[in-house]
Amino acid sequence: MTPALLSLGSALPPHVLGQAEARDLYLAQPGTDRLAQRLVRTVFGAAGVERRHTVLPELVDAGARDGSVYLAPDGRMLAPLTGARNRTYVEHAPGLFAAAARDALARCPGLDPAQVTDVVTVSCTGFFAPGPDYRLVRDLDLDPAVRRSHIGFMGCHGALVGLRQARAIAAADPDAVVLVVAAELCSLHLRPARDADAVRGAALFADGAGAALVSCRRPGGAEPLLALDRFSTLVLPDGEQEMAWTIGDEGFEMVLGAAVPRVIEGSVHAALEALLTGPEGAVDPGSITDWAVHPGGPGILDKLERTLGLPPRALDASRAVLAERGNMSSVTVLHVLDRVLGGLPAGAERTVCALAFGPGLTVESALFTVPARDAAAPQARPGAVAAPL
């Protein structure tokens with residue numbers, strides 16, 4: 001039996017930062033000359049983000065800046081060391097992991113949390129041990145013998161890697177129930193606009209969490225959302241310098257080159273060919289009805305839309321998540337998939353292709369089958385719970 005996705009869950013921090021407010025914060029930084037101001041206005045205006053969520057109230061509320069290591073009371077960006085940023089991650093990330101996991105469990109009411117056999121966590125914006133996988137066992141009161149693994153520092157395609165790992169576990173053990181949870185606190189690593197990479201990151205990245213339950217079992221007669229048919233990974237030949245993620249003295253430093261859309265454009269057909277001609281047999285690309293694409297930025301979505309000849313509105317879910325929640329790194333593709341599933345019409349079987357892009361450049365891809373359902377069948381909802389901090 002093909003492993004299936006039983007449910008999806010999501011969680012967002014309660015503080016909402018509008019794009020105009022984020023832009024103005026950068027424009028007001030000391031030493032921002034006219035050239036830097038032009039860059040900030042251009043990049044923030046073209047990012048496709050309207051608002052995003054953050055664990056840092058001081059980014060939203062000036063009254064919360066007293067004692068902040070991130071912003072002075074006058075709005076000046078400070079330069080906290082990586083250790084201070086990581087302490088914020090340790091403080092806030094476990095709550096987001098747990099909130100998203102509880103949402104996924106609530107959306108699969110036939111499953112008792114005690115039935116979870118495996119936990120796979122994903123994150124690239126902080127570290128601690130015992131880590132988020134351990135904390136989920138404690139916070140959700142899971143079986144202490146649950147098998148745990150953590151996928152760390154893989155960037156924006158990490159959640160698809162987590163689903164691939166879950167599929168492998170479930171395929172090897174038909175009794176397994178795998179909980180996959182991704183959480184990212186990108187806002188902890190914001191830096192003053194010293195260069196274009198910092199500006200692009202500030203205009204795009206956000207905080208959030210997503211979760212999924214994967215199994216060959218049907219606990220309580222649960223109807224699966226989709227079958228996890230196949231996954232593929234392709235390292236692109238020319239992208240190693242265009243997207244990178246390193247640990248600096250003043251936070252994690254993102255390299256997000258302007259050439260990323262072009263590199264992806266030149267290699268996406270090869271990535272799809274690897275996915276559709278895998279060992280499971282060939283699949284007609286024309287059979288793909290829906291797309292769950294990680295919105296690394298509007299330039300990437302525009303290039304993919306043109307290169308693949310996608311129909312109008314094919315990437316609406318990706319653009320909507322980017323606009324409403326920003327780029328939450330590894331988490332984002334789970335929110336996009338949730339939005340896609342929530343908008344599918346009743347009727348015939350659907351085929352969903354998921355794509356996400358990470359450092360390397362690496363393209364992670366997946367093919368899912370959504371079973372036919374009638375109008376009365378429950379559908380995934382595109383909402384997200386607010387995580388208390």
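**Salt bridges**

Modeller: D338 is buried, with a relative accessible area of 3%; here buried means under 20% relative accessible area, exposed over 50%, and partly exposed in between (1.4 Å probe, protein chains only). This is a predicted model, in which local features need pLDDT of at least 70 and side-chain atom pairs count only at pLDDT 80 or more, while totals for chains, interfaces and linings use all residues. Residues are numbered from 1 along each chain as its sequence is written, and side-chain values use heavy atoms, with hydrogens and water left out.

The side chain of D338 forms a salt bridge with that of R107 (2.8 Å, N to O), the term denoting a side-chain nitrogen of Lys or Arg within 4 Å of a carboxyl oxygen of Asp or Glu. D338 belongs to helix α10 (residues 332–342) and R107 to the loop between α3 (82–106) and β4 (118–123), so the pair ties together parts that are 231 residues apart in sequence. Helices (H or I, at least four residues) and strands (E, at least two) are DSSP runs, numbered from the N terminus.

A further salt bridge joins K303 and E265 (3.5 Å, N to O). Because K303 lies in helix α8 (residues 298–307) and E265 in helix α7 (residues 260–276), this pair links parts 38 residues apart in sequence. K303 is partly exposed at 23% relative accessibility, and E265 is likewise partly exposed at 28%. Through salt bridges that share partners, D103, R107 and D338 form one network.

D74 and R76 also meet in a salt bridge (3.5 Å, N to O). D74 is exposed at 59% relative accessibility, whereas R76 is partly exposed at 36%. By this rule the count comes to 17 salt bridges.
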